[in-house]
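Here are some exercises to work through with the model open beside you. Try each task on your own before you read the solution.

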Amino acid sequence: MSWPAKVADDYRRKGYWEGLTLGALLRSWAEVHGERTALVSGEDRLSYAQLDSRVDRLAAGLVKRGIAPGERIVVQLPNITELVTVSFALFRIGALPVMALPAHRRSELSYLCDFSEAVGYVVADRYQGFDYRRLASEVQDAAPALEHVFVAGDPGEFVALGDMDEDPITLPDPDAADVALFLLSGGTTGPPKLIPRTHEDYAYNLRISGEVAGLDSDAVYLAALPAAHNFALGCPGVLGTLRAGGKAVLALTGSPDETFPLIERERVTITALVPPLALMWMDAAAHNNHDLSSLELVQVGGSKLGAEPARRIRPTLGCTLQQSFGMAEGLLSQTRADDTEGIRTISQGRPISPGDEIRVVDSSGQDIRDGGVGELLVRGPYTTRGYYRAPDYNKSVFTSDGFFRTGDLVKLTPAGNLIIEGRARDVINRGGDKIAADEVEDHLLAHPAIRGAALVAIPDDVMGERTCVCVIPRGQPPTLREIAQFLRGRGLAAYKVPDRLEVLDSFPLTGVGKVSKADLRALVSGAPSGELDDQATSEVSV
């Protein structure tokens, strides 16, 4: 799970890793930028000095309640001030935040708390009409090791984060080589894997992605996507903006109704969107009365942006498009400010670090050197060397010399730009939300009226992909509404509920007797299997 000592020393010698923890970095930013505005969230406007002080006091409160170095704390917060302060307080303690998303529900949260052996869980009281305190009660029942539940807002039966304000205490700084946080994988087999990111590698992630985006102290970043997601957290995101001395603005939703007034009021210069949200913004801009002229750069990632909408970004939103491909496991590939419009339109740019090593290989693991399509393999100073507590899986997705098999099918241009062509693994990318097919299938097989279930992607102009569940019923087949109610009742996130249902007598099989997802996709999409195989599984998983 860690880099070999010789490799780590080389990364430090080359200046990629600087030996600083994320908690210590915030302290240094506060010393330099002091009273400059660091964070805007609702009515909160915190300077760097105020943010640093609030983090110190919260860290002291968490320690007083028993949170210790090395312990895992599942953090499920929307884009509010507490997401930033809790994360940095845990960094300072040396406790490890597990970054859950607001959309996750009982199934995902119970798994995360149990698998990580979390002792704490942090939630908001309510968000978008959902009561997370009730969810916390259910999760605590399912995860006996969960001792603490902390709530931003009205705590109900739990402990309010607002009551955790204590006089600062002296805390030993963690080792910069230690794990700082866990991000979640898109989930290629079942529930999401936990991705350990160290202080050093994630600090470099913030620095190099900020340099590629051109961030400086005048940058104003709008977090329109969930900031617990790697893209909006550190690519460069909220944390990369703070590293540059800029201002991070948190939006509760990505809706133009909320974000356009924020862009005008805060003079936002950069934001990150997924393609469906980019399309929504461009549609809204046609009848927009807000001043968006401060916007200089829009990053688009999470799933592949089509060429036509890519061409519309500049004339519609008046800013430069930066295509962004990457993964919470590490690698980022992004277009540059001096790229031609053609490159920004059709490609996902170049790896951002000179330390990134990439290979494009065929099904036998041999390098493809003629610009053909193959699987992307990568290693580098901010790409993990293994998932948490997954030794057998790590053997299959990491090569013996440390390359990560991304599962992405790519084409490498002579100029070094990546063009994403599809996915080698069975993950559906529904507008940037990653859905592991077998996780949903496992839940469906518990339904008394379903004998067989297979989830496949179907192309969609807005979301990129939607989900279609093919079922072999036992007797009378369930309706799509009944399936949705069943899955929600089992605590599955709403975005994982299938969009469409097809009832079949049998599934097409491969030569070795496995369900042929390619033939199923062709069947439900009405096209030959070869035409849809790559298109229907394309993924850009920042």
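**Exercise 1. Find the handedness of the crossing of helix 3 and helix 4, and describe how the two helices pack.**

Solution. Keep in mind throughout that this is a predicted model.

Step 1: Start with the handedness. Helix 3 and helix 4 cross in a right-handed way.

Step 2: Two packed helices are described by the angle between their axes and the distance between the axes. Here helix 3 spans residues 48–64 and helix 4 spans residues 81–93. The angle is about 65°, and the axes lie 8 Å apart.

Step 3: List who touches whom. Helix 3 contributes residues including Leu51, Val55, Leu58, Ala59 and Leu62. From helix 4 come, among them, Val84, Phe88, Ala89 and Ile93.

Step 4: Sort the contact by class. The contact of helix 3 with helix 4 has twelve nonpolar, two polar and four charged residues. Asp52 and Arg54 of helix 3 are in the contact, and Arg92 of helix 4 is there too.

**Exercise 2. Work out the strand order and the pairing in the open sheet of four strands.**

Solution. 

Step 1: Recall that strands of a sheet pair through backbone hydrogen bonds, either parallel or antiparallel. In this sheet the order is 19-20-21-22, and the pairing is antiparallel.

Step 2: Look for the edges. Strand 19 (357–361) and strand 22 (418–423) each pair on one side only, which makes them the edge strands.

Step 3: Check one pair in detail. Strand 19 and strand 20 (residues 374–379) are joined antiparallel over five bridges. Val360 has Leu376 of strand 20 as its bridge partner.

Step 4: Note the twist, which averages 45° from one strand to the next.

**Exercise 3. Describe the open sheet of three strands and name the helix that packs on it.**

Solution. 

Step 1: The order is 25-26-27, and the pairing is mixed.

Step 2: Strand 25 (450–460) and strand 27 (500–503) are the edges. The twist averages 25° from one strand to the next.

Step 3: Strand 25 and strand 26 (residues 464–473) run antiparallel and are joined by ten bridges. Within this pair, Gly452 stands opposite Ile472 in strand 26.

**Exercise 4. Characterise the largest pocket by its volume and its lining.**

Solution. 

Step 1: The volume is about 930 Å³.

Step 2: The lining has 33 residues, and those nearest the centre are Ala103, Gln128, Leu225, Pro226 and Asp433.

Step 3: Ask which elements supply the lining. Helix 11 (275–285) and strand 24 (433–436) each give at least two residues. Helix 11 gives the most, with three.

Step 4: By class, the lining is made of 19 nonpolar, nine polar and five charged residues.

Methods
Residues numbered from 1 in each chain as written. Predicted model: local features only at pLDDT ≥ 70, side-chain atom pairs only at ≥ 80, totals over all residues. Heavy atoms only, no water. 1 Å grid on protein atoms, 1.4 Å probe; cavity = no way out; pocket = protein on both sides within 12 Å on 5 of 7 lines; lining within 4 Å. Points joined across faces, edges and corners; volume = space filled by probe spheres on them. Nonpolar A, V, L, I, M, F, W, Y, C, P; charged D, E, K, R; others polar. Axes fitted to C-alpha atoms, helices over the stretch in contact; angles between N-to-C directions. Left-handed = near helix turned anticlockwise from the far one by under 90°. Contact = heavy atoms within 4.5 Å. Pairing = 2+ DSSP bridges.
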